[in-house]
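Subject: Structure handover

Hello,

I am passing on the structure we spoke about.

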Amino acid sequence: MPLRINKPPKYSLVLCGGGARGLVHAGFLCALEEAGYPPPSLVAGTSMGAIIGGLYASGMSGKEIRSYIMEELDISNFMESSVFKIDGPIGKLFQTGQIIGHAATRPGVDSGDKVLQILEKLSKNKNIEDCEIPFLCNAVDLCAGEEVIFRSGSIARAIRASMSFPFIFKPVIDGERCLVDGGVADNMPVKSAREAGRELGIKRILAVDSRRWRCIPSGSLKNGISVVMRCFDAMIHVSETAGESGLARPNLLIRASDKTSVYDFSRKKELMELGEAAAVQSRTELEAFFGNGLKGSLSRRKKISSGIDIEGYYKTQMH
């Protein structure tokens with residue numbers, strides 16, 4: 001039975017980056033809709049979180065996003081380069097040697113032009129300021145060495161910049177800026193959502209994390225590419241650990257992750273089901289998060305005092 005909320009609270013929804021693992025966001029959105037929870041008043045995302053969050057903000061429902069992923073999403077169709085025209089995890093591509101040749105002569109293996117065209121079609125060429133739900137995503141300017149927050153302009157182009165994974169996609173050139181994946185600076189843009197939320201009167205933040213750091217044996221790093229990818233993951237892990245306080249802390253964080261590779265899009269059904277399960281299993285925490293008035297406030301405080309975590313930061317972790 002859908003949850004009834006007398007006065008829907010304003011809240012920001014933050015979706016992290018994570019490659020294929022980020023597909024859990026689509027399942028999570030579907031579960032929120034099916035349970036009757038109110039839509040967010042602001043959506044913020046990085047990389048895959050920017051893709052799903054941006055399409056949602058532009059007008060696609062969670063169900064529509066899920067259907068598109070199941071019926072039409074084929075990673076090879078998103079890539080312009082013939083290097084990507086094989087089945088299975090993208091990691092296998094590195095075995096062909098073609099990747100190295102492309103990377104030696106270009107700023108990215110794939111131009112990203114085809115991805116941009118698809119994003120423009122799905123978002124109906126909307127600008128961020130024309131979206132049904134306010135939206136922001138981040139990228140990093142390699143020239144200036146600073147994070148860039150997109151809150152206006154073409155939503156498709158903003159997403160394309162946020163998902164420009166170094167080495168794989170060519171950076172987005174925007175005037176004097178050279179933009180790459182927002183995860184380089186902040187893979188979970190809670191701080192940016194908090195700052196934008198102040199202008200909109202939003203105090204609560206719900207964040208979904210599809211990545212979970214895991215220690216690995218040294219022998220598993222068998223080539224230079226695996227070292228580069230692990231460096232990127234380690235950088236995100238260190239930055240997230242350092243940022244777990246103050247503005248970087250959501251009111252409710254739900255983790256939904258498994259051992260799927262960030263490049264393995266063959267498990268899209270399982271990943272979306274994982275996102276749905278995360279929402280269902282977090283019903284108690286979600287009801288506390290969405291609770292209104294004194295009852296909602298006491299419920300959230302009770303969660304803190306029960307030892308789930310501190311400062312209104314609840315956590316549901318799935319293995």
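Of the 319 residues in the protein, 53% are buried (buried means under 20% relative accessible area, exposed over 50%, and partly exposed in between, with a 1.4 Å probe and protein chains only). This is a predicted model, in which local features need pLDDT of at least 70 and side-chain atom pairs count only at pLDDT 80 or more, while totals for chains, interfaces and linings use all residues. Residues are numbered from 1 along each chain as its sequence is written, and side-chain values use heavy atoms, with hydrogens and water left out.

The secondary structure consists of twelve helices and eleven strands (DSSP runs numbered from the N terminus, helices being H or I with at least four residues and strands E with at least two). Among contacts with a separation of 6 or more, 76% are between residues 24 or more positions apart (contact means heavy atoms within 4.5 Å).

Core

The largest nonpolar core contains 66 residues (such a core is a set of buried Ala, Val, Leu, Ile, Met, Phe, Trp, Tyr and Cys residues joined through side-chain atoms within 4.5 Å). Leu23, Phe135, Phe150, Leu206 and Leu286 have the most contacts inside this core. Leaving aside neighbours within four places in sequence, Leu23 is in contact with Met48, Ile52, Ile69, Leu73, Phe265, Lys268, Leu271 and Met272. There is also a second, separate core of 13 residues, with Ala193, Ile202, Ile205 and Ala207 among them.

Salt bridges

A search of the whole structure gives eight salt bridges (a side-chain nitrogen of Lys or Arg within 4 Å of a carboxyl oxygen of Asp or Glu). One of them joins Glu276 to Arg66, with the closest N and O atoms 2.7 Å apart. This pair links distant parts of the chain, since Glu276 is in helix 10 (residues 268–281) and Arg66 is in helix 3 (residues 62–71), 210 residues apart. Arg66 is buried, at a relative accessible area of 19%. Glu34, Arg66 and Glu276 are linked in a network of salt bridges.

Another salt bridge is between Arg267 and Asp258, where the closest N and O atoms are 3.1 Å apart. Asp258 is buried, with a relative accessible area of 17%, whereas Arg267 is partly exposed at 28%.

Arg283 and Glu287 also form a salt bridge, at 2.9 Å from N to O. Both lie in helix 11 (residues 283–290), four residues apart, or about one turn of the helix. Arg283 is partly exposed, at 33% relative accessible area, and Glu287 is partly exposed at 34%.

Helices 10 and 11

At what angle do helix 10 and helix 11 pack? The angle is about 65°, and the axes are 5 Å apart (axes are lines fitted to C-alpha atoms, for helices over the stretch in contact, and angles run from 0 to 180 degrees between N-to-C directions). The two helices are therefore roughly perpendicular to each other (65 to 115 degrees counts as roughly perpendicular, under 35 as roughly parallel, over 145 as roughly antiparallel, and the rest as oblique). Ala279, Val280 and Gln281 in helix 10 meet Arg283, Glu285 and Leu286 in helix 11.

A loop residue

Asn127 lies in the loop between helix 6 (113–122) and strand 4 (135–141), and is partly exposed at 29% relative accessibility. Not counting residues up to four places away in sequence, Asn127 touches Gly153, Ser154 and Ile155. Its C-alpha atom is 9.2 Å from that of Arg151, a residue 24 residues apart from Asn127 along the chain.

Regards
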